[in-house]
Amino acid sequence: MVKAAQRTSVWLEGKARRGGRGGGQPSGLDRERITEATVRLLDAEGLARFSMRRLAAELDVTAMSVYWYVDTKDDLLELALDAAFGEVRLPAGDTDEDWRDQLRDLAAEYRALLVRHPWLSPLAGTFLNIGPHAVAFSLAVQRVIRLTGLPAHGRMGAISAVFQFVYGFGTIEGHFIARCAAAGLSQDEYFRHAMSAVTESPDLSEVVHRSADLMQARGGDTVEEMRERDFAFALETLIAGIEAMVARG
């Protein structure tokens, strides 16, 4: 029995630059417009509800019209994933800005991207993520990490430490914001409601009591302020760790 070829990536299968398949494609439709509509629809309704039929309705065309430009839903999701990465502002390649500031900026940009598009994080872990915009982001990160003075064998570890942290932080933040919106509550209202429920739970009240000093020391009057302090301190800890590893020689 011959096994079907495993899908790799839209960027490796000669399909990424395709326009239509030839004559007869729908007028007024192109891959860029389809990709932009996909991003909008994913932002508005989420990954679970996304379908080619729903996209076609958004574009006011038939579902078959979309298939003139992409072969599969996965191809389209990959295109949307890379289009989102195109929003990231990258430092200039010839900048003389300190590597620490460049790393802070890249981390902040990546975090903001994950929060704006909560559907992005599962796709980034599903696909190879090797579109031109994602590759440009990756190369910018590598360039900055080279400036740290870390030995070559430690650079990928440093990249993982910083950007896996940002990935997790931004993913949780994005889902929390979406959850608040779905509940019709502000982030602060939702947080107060959740903490009240936890405090009243016999099984969890002790945990809250033991964590009271940490929460008080954390500071911040709003959820956003608390989160900004947490993110900034965690990122500075990672930067200090890179500096310590460089000093260790």
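Let me begin with a definition: helix axes are lines fitted to C-alpha atoms over the stretch in contact, and angles run from 0 to 180 degrees between N-to-C directions. Helices themselves are DSSP runs of H or I with at least four residues, numbered from the N terminus.

The model is predicted: local features need pLDDT of at least 70, side-chain atom pairs count only at pLDDT 80 or more, and totals for chains, interfaces and linings use all residues. Residues are numbered from 1 along each chain as its sequence is written, and side-chain values use heavy atoms, with hydrogens and water left out.

I turn to one helix pair. The axes of α7 (residues 132-146) and α8 (residues 152-183) come within 10 Å and cross at roughly 115°. Contact, meaning heavy atoms within 4.5 Å, is made by F137, V141, Q142, I145 and R146 of α7 with R155, A158, I159 and F163 of α8.

Next, the largest pocket. On a 1 Å grid over the protein atoms alone, a pocket is an open set of points where a 1.4 Å probe fits, with protein on both sides within 12 Å along at least five of seven lines; lining residues have an atom within 4 Å of a point. The lining has 17 residues, and Y110, F137, I159, F163 and Q164 lie nearest the centre of the pocket. Elements giving two or more residues to this lining are α6 (120-126), α7 and α8.

Finally, G249 sits in the segment after α11 (223-248). G249 counts as exposed because its relative accessibility is 93%, the cut-off being over 50% with a 1.4 Å probe and protein chains only.

Methods
Buried < 20%, exposed > 50% of the residue type's maximum accessible area, 1.4 Å probe, protein only.
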